[in-house]
Amino acid sequence: MSHPYISTRADGPEHTLWFETRPRYLAGGGDPRHITQALRAAGWKNHSDPEYPHVILTSPDHRHTVALEPETSSYTAWWRIQAHGDHGHWYTQFGGNTPVEILAGLTDALLKPVPRTAPEIWGPLTEAGWSYERDEHGNESARHPGTILSLEHRAVESGTGLWRADADLPNGLGGHERIWHAYFDDRMPPHLIAAFTHALARDEPVQRRHYDVPHSHLVTQEHGPHGEQLAAAHETRLKTVRATARKTHRTALAAQKPPAPATTTAAPARSR
């Protein structure tokens, strides 16, 4: 989208100079359309108020809702994802500086069938060099080698725990400065949390504008691909999402279709 008189962040990537930014988990939020347009391509409905700066999307079966509401601080919760209905209720939220490429690991998983076997949650992190600990109370945690990034699962007596991911900087006074955070309801399907940790463990650079990051001194930026290449890659992503959504829809319809009635062969009539 572009406007003939005003240059905005909603313009396409073609006229922007992009930089490969590492590490990806400190690159800032990025373009939310990486998520919102993919959901729309999968058939999600837009219930946003055009007069208010937010995006509200609902899945075709009305089971899931994704809300993006920018706050005055990018360190507070901007993204909220919920599940509703008879299949269970759960809730998760993410700060504004959470890279959309990492969050998309979860939202992309919402568009796919539930796997028969739940993927490993901690494995992708330990394979990427994260440390892992489990205490006598069942609390689990993993920490990135750079010590800024961590994931924790806290167990409670009621049986319902809490997942939390944090990117924090030591402030020199014994405390920490939050860069971004994520909270996960323990009632979330494990494959969704696993999809997030798979994305969290990846180390590929992400594309950002020059210094368009919350802490430029913590990242490295090198000249990246041309905007036309990014636009083409995004369109390919949307085509893949559309194709997957159509296939999933056809599979669901086939599963709901009642079996054809059994046919019986009539016995031949006896001759007199």
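Two strands are counted as paired if DSSP finds at least two bridges between them; strands (E, at least two residues) and helices (H or I, at least four residues) are DSSP runs, numbered from the N terminus. The model is predicted: local features need pLDDT of at least 70, side-chain atom pairs count only at pLDDT 80 or more, and totals for chains, interfaces and linings use all residues. Residues are numbered from 1 along each chain as its sequence is written, and side-chain values use heavy atoms, with hydrogens and water left out.

**View 1. The protein chain as a whole.** Five helices and 13 strands are found in the protein chain. Its C-alpha trace spans about 105 × 60 × 35 Å along the principal axes. Of the 272 residues, 40% are buried, that is, under 20% relative accessible area with a 1.4 Å probe, protein chains only.

**View 2. The open sheet of three strands.** The strand order is β12-β1-β13, and the pairing is antiparallel. Because β12 (206–209) and β13 (220–223) each have a single partner strand, they stand at the edges, and one side of each is left without a neighbour in the sheet. On average, neighbouring strands of this sheet are turned by 45° against each other, direction ignored; the axes are lines fitted to C-alpha atoms, and angles run from 0 to 180 degrees between N-to-C directions.

**View 3. The pairing of β1 with β13.** Strand β1 covers residues 18–22 and runs antiparallel to β13, to which four bridges join it. Arg22 has Thr220 of β13 as its bridge partner. Strands of a sheet pair through backbone hydrogen bonds, either parallel or antiparallel.

Definitions and conventions:
Buried means under 20% relative accessible area, exposed over 50%, partly exposed in between (1.4 Å probe, protein chains only).
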